[in-house]
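Hello,

Here is the structure I promised to pass on to you. Please have a look at it, and then read on for what turned up in it.

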Amino acid sequence: MIKVSNLEKSFVQVNQTIEVLKGVNLTVEEGEFVAIMGPSGSGKSTLLQLLGGLDTPSKGEVEINDNRLSHLTERERTILRRKNIGFIFQNYQLLPTLTVEENISFPLHADGIKSTNNKLKVQNLIKEVGLEGMEKKFPNLLSGGQQQRVSVARALVNDPKILLADEPTGNLDRKRAEELLDLLSLFNKEKNQTIIMVTHDIFAAGYSDRIVLFKDGLIEKEVKKEDIGYAEYVASFLA
Ligand SMILES: Nc1ncnc2c1ncn2[C@@H]1O[C@H](COP(=O)(O)OP(=O)(O)O)[C@@H](O)[C@H]1O
Ligand SMILES: [Mg+2]
């Protein structure tokens, strides 16, 4: 479903080039739940942006369902993304002039928003992420955790086949984090949704099938839960 080959990304700044990704190889199967961990600045968010076609690599290739992103036009990439990918951004990226409900409905576009089915779906998602009563509020009136939950509901509203989540529990307390991870697990299991989640939280990573550990722009190590069992799985990343 997702294949990354020899992926490199550099950013050119005033007087230096920073190599952020240095040749990443990763394959993710349909229905897999993968957690990406690693120190701050190791390139996790950059990788997620490239996977979602929101930025272009310096070298290497990202394939989504056998489509090489580099062979698509900007417009084709946008369509592929809209149809297949839900994105939970690290900094939420809510639209400040839209209410909670409107932000969540945004990916449905004008026609989709009117359908009764979709209105129900939005109401359900609002319940599932615990934002009932907040429907008409604007993002600037919400806490960080509430904004994060709006961005989660928005990412799920289209039933995307692939969910890319950048620290989706970063601003939630343990109870809220657990509720959110249960929701993601449900989407993963019932809809066979593929999830790639960047996280610092070993508790969150415990929900995944595979943990990929990033260091200095490269994959340092990968562990599958089925190979070693949950306790050892989690313990292997606490060192
Ligand atoms: N658009 C950009 N322009 C310049 N440097 C960037 C840009 N995006 C990320 N970086 C740099 O790339 C490195 C990796 O960033 P990032 O992918 O956000 O790491 P992580 O998510 O693992 O914390 C950092 O040093 C960051 O400053
Ligand atoms: Mg990041």
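There are 10 salt bridges in the structure, a salt bridge being a side-chain nitrogen of Lys or Arg within 4 Å of a carboxyl oxygen of Asp or Glu. As background, side chains of opposite charge can pair when their charged atoms come close. Please keep in mind that this is a predicted model, in which local features need pLDDT of at least 70 and side-chain atom pairs count only at pLDDT 80 or more, while totals for chains, interfaces and linings use all residues. Residues are numbered from 1 along each chain as its sequence is written, chains are lettered from A and ligands numbered from 1 in the order in which they are written, and side-chain values use heavy atoms, with hydrogens and water left out.

One of the salt bridges pairs E101 with K136, with 2.8 Å between the closest N and O atoms. Because E101 lies in helix α3 and K136 in the loop between α5 (116-128) and α6 (144-156), the pair ties together parts that are 35 residues apart in sequence. Helices here are DSSP runs (H or I, at least four residues), as are strands (E, at least two), and they are numbered from the N terminus. E101 counts as buried at 19% relative accessibility, whereas K136 is exposed at 60%. The cut-offs are under 20% relative accessible area for buried and over 50% for exposed, with partly exposed in between (1.4 Å probe, protein chains only).

Another salt bridge joins the side chains of R176 and E179 (3.2 Å, N to O). Both residues sit in helix α7 (residues 174-190), 3 residues apart, or about one turn of the helix. R176 is partly exposed at 26% relative accessibility, and E179 is partly exposed too, at 32%.

The side chains of E220 and K215 also meet in a salt bridge, at 3.7 Å from N to O. E220 has a relative accessibility of 47% and counts as partly exposed; K215, at 41%, counts as partly exposed as well. Elsewhere, E32, R210 and E222 are joined into one network by salt bridges that share partners.

Now for the ligands. Around ligand 1 you will find F11, Q13, V20, P39, S40, G41, S42, G43, K44, S45 and T46, where a residue counts if one of its heavy atoms lies within 4 Å. This shell divides into 3 nonpolar, 7 polar and 1 charged, with Ala, Val, Leu, Ile, Met, Phe, Trp, Tyr, Cys and Pro taken as nonpolar, Asp, Glu, Lys and Arg as charged, and the others, Gly among them, as polar. β1 (2-13) and α1 (44-51) each supply at least two of the shell residues, and the largest share, 3 residues, comes from α1.

Oxygen atoms of ligand 1 lie 2.7 Å from a polar backbone atom of G41, 2.8 Å from a side-chain N or O atom of K44 and 2.6 Å from a side-chain N or O atom of T46. Taken alone, ligand 1 exposes 560 Å², and the protein buries 62% of that (Shrake-Rupley method, 1.4 Å probe).

What coordinates the magnesium ion, ligand 2? The donors are S45 (OG) and Q90 (OE1), at 2.1 to 2.6 Å; donors are N, O and S atoms within 2.8 Å of the metal (3.2 Å for Na, K and Ca), and water is not among the atoms, so sites may look incomplete. S45 lies in helix α1 and Q90 in the loop between β6 (85-88) and α3 (100-105), so the pair ties together parts that are 45 residues apart in sequence. S45 is partly exposed at 24% relative accessible area, and Q90 is partly exposed at 41%.

Best wishes

Note on methods:
Polar contact = N/O pair within 3.5 Å; in protein donor to acceptor, adjacent residues only side chain to side chain.
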